[in-house]
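User: I am new to this structure and would like a close look at a single part of it. Please start with one residue and then work through how the surroundings are built.

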Amino acid sequence: MKDIFRKILSKRYKYKVLINSVTDIVIFDEDGSKEIKDNIINKSIKTITYDYNVITIYLNPIFIVKLIINLFKHWNSYKSIPHNFYILYILTDIKILKPKIVITYNDDNIIYHSLANIMTDIKFIAIQNGLRESFIRERINYNINHDNYFCFGEKDIDKQLSSNWKIKKAIPIGSVKAGIALSMFKDQQKTYDICYISEYSSEDKITNENLEWANNIKKVDKIISNFYKKHKNIKIIVVLRSNDNNERDYFKNLFDTSISFSNPLRYLDSYKTILQSNLSIGFGSTLLVESLGLKTKSLGINTAKSNKFFDYDEIVYNFDDANSCNKFIIDLIDMPYQKYYEKMQSTIVKSMNLDINNLPHNIIRKNIDNLIYNSENG
């Protein structure tokens, strides 16, 4: 109950008298809404982005009556009073919009799944936006119940079903952002030998819950730093997480001031950098798996002695000693991509099912058009 109170208190509030007009699609949450609006939903379809971090207080009798009805109709006696009121308030707000589809890029969001479990007359579409490894799945103590789930590949379906998450319809299409990057950045030249994927966190963001994760990332940072110092002829670029100067300074101290960086202020620049690189290296980033779909060799260095952070054995090197690791990296850089692809083809398809001729955003758009226009015709 305390967690719900904290969530409610952390929200922003605004007041309205008039209720919103009817729409065809609700994009649930600002996260990923740019990709959905710009690349997936046809401009002719009426769409609203619903930011659940802003709670609208309606001074409107129609809304209040509908809210009371929903509180009686959908009250869950197993949930707390704040939880029920919070979820059913959002449910009422969305029901007034009368959408045919609710779509989200926030695929493991508790509010989204709570709504999907109740609003069975609306199509719910979730787009996978990150890896769902066991250390993440273990922290989720609420029901995941996907209606339509556009995910990276069959490997993700198997992982999620193993955690008893329910998926009514799963469509493995690869990463939407990687697909958009492929359509934007065609025919990139391989400029860098390695793009090192930053998973940097400032000290103030490291908690007991993510301490093991953070410590392993630091170990891998040090391994690649030492590799770079021994192989100055290898051209490395660091794919930054943010535009934070602390992150840049951290890597300048680890490598040296001449190290190259991606530009996080440029849209999808991390994906462009991967396309320009021969090999992606990191600890457990989603970008390592997305690299497979971007025709870039990929390597996760595992210092954790466990697969709970990154369960992709085919592209993982279990770190033992620096010399062996350095040789493995050099051999992987030198391997022609065609040979790598022939070796990894099955893994690539199962992990990141990205088809250049049928990109993810186009697949989802076709599905949405079918749902919208078939509904109108029906």
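Analyst: S33 counts as buried, because its relative accessibility is 5%, and buried here means under 20%. This residue lies in helix α2, which covers residues 33-40. Leaving aside neighbours within four places in sequence, S33 is in contact with I27 and T49. The model is a predicted one.

H146 counts as buried, with a relative accessibility of 1%. H146 lies in strand β7, residues 145-151. Not counting residues up to four places away in sequence, H146 touches D107, H113, A126, Q160, K166, I167 and K168. K98, by contrast, is exposed, because its relative accessible area is 59% and the cut-off for exposed is over 50%. K98 lies in the loop between α4 (81-97) and β5 (101-104). Residues up to four places away in sequence aside, K98 touches V22 and T23. From K98 to D320 the C-alpha to C-alpha distance is 57 Å, and the two are 222 residues apart in sequence.

The largest nonpolar core has 84 residues, and the members that touch the most others are I103, I224, I301, I329 and I368. Helix α9, residues 211-230, gives the most to this core, with seven residues. For I329, the contacts are I194, I224, F227, L279, I281, L299 and I301, not counting residues up to four places away in sequence. There is also a second, separate core of 31 residues, whose members include Y58, I111, I122 and C151.

The pairings can be followed strand by strand. β9 and β12 run parallel and are joined by four bridges. Across this pair, I194 stands opposite L279 in β12. β12 and β13 also run parallel, and four bridges join them. Here I281 stands opposite L299 in β13. I194, L279, I281 and L299 are among the residues that I329 touches. Strand β13, residues 297-302, pairs with β14 in the parallel sense over three bridges. In that pairing, the bridge partner of G300 is V316 in β14.

What remains is the packing of helix α9 against other helices. Two packed helices are described by the angle between their axes and the distance between the axes. For α9 and helix α13, residues 322-334, the axes come within 11 Å and cross at roughly 70°. α9 is therefore roughly perpendicular to α13, since angles of 65 to 115 degrees count as such. From α9, the contact is made by I223, I224, F227 and K230, and from α13 by N323, C325, N326, I329 and I330. By class, this contact of α9 with α13 has six nonpolar, two polar and one charged residues. I224 and I329, which take part in this contact, are among the residues that touch the most other members of the largest core.

The other helix is α10, residues 245-254, whose axis comes within 9 Å of that of α9, the two crossing at roughly 50°. That makes α9 oblique to α10. In this contact, K218, D221, K222, S225 and K229 of α9 meet Y250, F251 and L254 of α10. By class, the residues of the contact of α9 with α10 divide into three nonpolar, one polar and four charged.

Terms used:
Residues numbered from 1 in each chain as written. Predicted model: local features only at pLDDT ≥ 70, side-chain atom pairs only at ≥ 80, totals over all residues. Heavy atoms only, no water. Core = buried A, V, L, I, M, F, W, Y, C linked by side-chain atoms within 4.5 Å. Buried < 20%, exposed > 50% of the residue type's maximum accessible area, 1.4 Å probe, protein only. Contact = heavy atoms within 4.5 Å. Axes fitted to C-alpha atoms, helices over the stretch in contact; angles between N-to-C directions. Parallel < 35°, antiparallel > 145°, perpendicular 65-115°, else oblique. Nonpolar A, V, L, I, M, F, W, Y, C, P; charged D, E, K, R; others polar. Pairing = 2+ DSSP bridges.
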